[in-house]
Amino acid sequence: MNYHLAYIKTKEKYFFVENFYNDQFEIYPNPFSQSVQISSNAEGELIVIDQLGRIVHQSKIACGLNEPELNKLSSGIYNFRFLSKGIEIVRKVIKIEQSF
């Protein structure tokens with residue numbers, strides 16, 4: 001079992017939940033250079049936010065393995081937000097330059 005931090009949104013209020021069980025959303029590899037894979041047991045929406053708070057990517061996530069097109073992102077630290085069934089899960093993900 002993987003336990004992580006999550007925010008639960010109800011009626012425009014957020015509740016912080018520590019040790020939220022969320023094996024339904026995994027991102028790998030982290031850090032990544034060209035592509036990232038997202039494994040999810042639930043359908044939802046992915047929102048990628050840069051360190052300046054700008055939304056740089058938004059897409060639907062299906063059940064199973066997903067590979068969103070993020071190769072145009074610059075190197076840096078991003079917050080990946082997964083929204084599904086009233087639950088918001090946030091992960092910090094790092095994109096690095098590809099080394100040859």
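User: How many aromatic pairs does a search of the whole structure find?

Analyst: A search of the whole structure, which is a predicted model, turns up one aromatic pair. Phenylalanine 25 and phenylalanine 82 form this pair, with 4.4 Å from centre to centre and 10° between the planes.

User: Why is the pair of phenylalanine 25 and phenylalanine 82 called stacked?

Analyst: Let's take two steps. Ring centres must lie within 6.5 Å to pair, and here the distance is 4.4 Å. Planes under 30 degrees apart count as stacked, and the angle here is 10°. The pair is therefore stacked.

User: Why is isoleucine 77 called partly exposed?

Analyst: Buried means under 20% and exposed means over 50%, with partly exposed in between. Isoleucine 77 has 35% relative accessibility, so it counts as partly exposed. Isoleucine 77 is found in strand β8 (residues 76-84). Together, Ile77, Ile94 and Ile96 make a nonpolar surface patch of about 220 Å².

User: And lysine 85, is it buried or exposed?

Analyst: Lysine 85 has 78% relative accessibility, so it counts as exposed; the cut-off is over 50%. Lysine 85 lies in the loop between β8 and β9 (87-95). Its phi is positive, about 55°, although lysine 85 is not a glycine. Most residues other than glycine have a negative phi.

User: How do you know that β5 and β6 pair?

Analyst: Count the bridges! Two strands pair if there are at least two bridges between them. Strand β5 (residues 44-49) and strand β6 (residues 55-61) are joined by six bridges and run antiparallel. The two strands therefore meet the rule. For instance, valine 48 has histidine 57 in β6 as its bridge partner. The hairpin of β5 and β6 has five residues between the strands, and glycine 53 there takes a positive phi near 85°.

User: What makes β3 and β7 edge strands?

Analyst: The open sheet has three strands in the order β3-β4-β7, with antiparallel pairing. β3 and β7 (64-66) each pair on one side only, and they are the edge strands. From one strand to the next, the twist averages 20°. Three bridges join β4 (residues 37-40) to β7, and serine 39 stands opposite leucine 65 in β7.

Notes. Residues numbered from 1 in each chain as written. Predicted model: local features only at pLDDT ≥ 70, side-chain atom pairs only at ≥ 80, totals over all residues. Heavy atoms only, no water. Helix = DSSP H or I, 4+ residues; strand = E, 2+ residues; numbered from the N terminus. Patch = residues over 30% accessible without salt bridge, like charges linked within 9 Å, V, L, I, M, F, W, Y side chains within 5 Å. Areas by Shrake-Rupley, 256 points an atom, 1.4 Å probe, with all protein chains shown as cover. Salt bridge = Lys/Arg side-chain N within 4 Å of Asp/Glu carboxyl O. Buried < 20%, exposed > 50% of the residue type's maximum accessible area, 1.4 Å probe, protein only. Phe/Tyr/Trp six-rings, centres within 6.5 Å; stacked < 30°, edge-to-face > 60°. Axes fitted to C-alpha atoms, helices over the stretch in contact; angles between N-to-C directions.
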